[in-house]
Amino acid sequence: MPSLDEARSAVPWETVVARIHREITCAVPALDTTVRELPRKVFGLDSGFFYMPLAQAMHWGEEDEGWLEEVATVFGLGHLYYVLHDQLVDHGRLSPRQAVLMDAALTLYLTRGARLGAGTERFLVSHAAGAAAYAEALLRDIAHNERPGDDYSPDDVFRLGEKAAPGILALVVVAARCGRSRHLAELPQAVTDLCSGLQLLDDLQDLREDWEHHNVTFPVSLSISALGTSAPDSADPSHTPFAAHTADDLLDALYLSGGAAVVLRLALRCLERARAALSRTDAGVVLGLTDTWTERAAGQLDRAEKGSGAHARLG
């Protein structure tokens, strides 16, 4: 079974970044400097998750490296759009040139993606569904940031993976290209569950950073409850959980209250749901990654429950 490293070797990220730069500057030459100034990670190519659909395509018999490179280019453009969009949502600002770049990346993503071979209508309809799920997920995040004293509902937790909905489109394209359209009833929800599990693991690992940026993720919400901190006082806007406590307070409260174990058990539940659905397909690469992360999360849970290595990173 092809590994993510083999997919990365087949489609080197340096090559894809160069293609993305060329596509954007051919479309809008004045954006040349703006693209060059971006860190390469904005194209998504440093992420193993980015290479998962390519490795899955190779596992399903795809041998056309030109097509794989085109897929990587299209979804690198999409990743660029969503990174800039997230920055706008999270920080409330983009430079004017980056705002123009965001629009250019989205246009190229959609026009080139519609020609990948999955069918123009299928691509655009799948994109629209994913974009709607992504928007709903962001709005849930925004609501929690605005009201840090509110608890997460089970629906909020198990739908965390919808923030990765646009990326799921890559697997839809690959499945259609490789004659696995029969899996499209299982794959999108399975990958959403996988992403929900990974999001919980990431949020636990990024707890300190999220606290510093006042980002109320599920682990942060549990920590606020464990600290017994009240909601912000409308008469005194400076009285917030973030002003009253440090990141160290947050970490201690989460682990000592058993909140970290709750997060890890929920992550495992999401991963197990993904595995159950994936076992009904032959998406072996995705299933293998799910198994790997399940093993890591189980180890982290064991350490959290024993009280050792409570603040250890997942790695």
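Predicted model: local features only at pLDDT ≥ 70, side-chain atom pairs only at ≥ 80, totals over all residues.
## Helix α2 against helix α5

Two packed helices are described by the angle between their axes and the distance between the axes. For helix α2, which covers residues 13–27, and helix α5, which covers residues 65–91, the axes come within 9 Å and cross at roughly 65°. Since angles of 65 to 115 degrees count as roughly perpendicular, α2 is therefore described as roughly perpendicular to α5. The crossing of these two helices, α2 and α5, is right-handed.

On the α2 side, the residues that take part are Thr15, Val16, Arg19, Ile20, Glu23 and Ile24, and they meet Glu69, Glu70, Ala72, Thr73, Gly76, Leu77 and Leu80 in α5. Sorted by class, the residues of this contact between α2 and α5 are six nonpolar, three polar and four charged.

## Helix α2 against helix α6

Helix α2 also packs with helix α6, which covers residues 96–113, and here the angle is about 105° while the axes are 10 Å apart. The helices α2 and α6 are therefore roughly perpendicular to each other.

In this contact, Arg19, Glu23, Ile24 and Ala27 of α2 meet Leu101, Leu108 and Arg112 of α6. The residues of the contact of α2 with α6 comprise four nonpolar and three charged, with no polar residue among them. Arg19, Glu23 and Ile24 are listed in the contact with α6, and these residues of α2 are also listed in the contact with α5.

## The cavity

How many cavities of 30 Å³ or more does the model have? The count comes to one cavity of that size, and the largest cavity has a volume of about 50 Å³.

The lining of the largest cavity consists of Ala137, Arg140, Asp141, His144, Tyr152, Asp156, Arg159, Leu160 and Lys163. Helix α7 gives the most to this lining, with four residues, and by class the lining of the largest cavity holds five charged, three nonpolar and one polar residue.

## The second largest pocket

The second largest pocket has a volume of about 200 Å³. Lining this pocket are Ser126, Ala129, Gly130, Ala133, Glu162, Ala165, Ile168, Leu169, Val172, Pro188, Gln189 and Thr192.

Which helices each supply at least two residues of the lining of the second largest pocket? They are α7 (120–146), α9 (165–177) and α10 (187–205).

Terms used
Residues numbered from 1 in each chain as written. Heavy atoms only, no water. 1 Å grid on protein atoms, 1.4 Å probe; cavity = no way out; pocket = protein on both sides within 12 Å on 5 of 7 lines; lining within 4 Å. Points joined across faces, edges and corners; volume = space filled by probe spheres on them. Axes fitted to C-alpha atoms, helices over the stretch in contact; angles between N-to-C directions. Parallel < 35°, antiparallel > 145°, perpendicular 65-115°, else oblique. Left-handed = near helix turned anticlockwise from the far one by under 90°. Contact = heavy atoms within 4.5 Å. Nonpolar A, V, L, I, M, F, W, Y, C, P; charged D, E, K, R; others polar.
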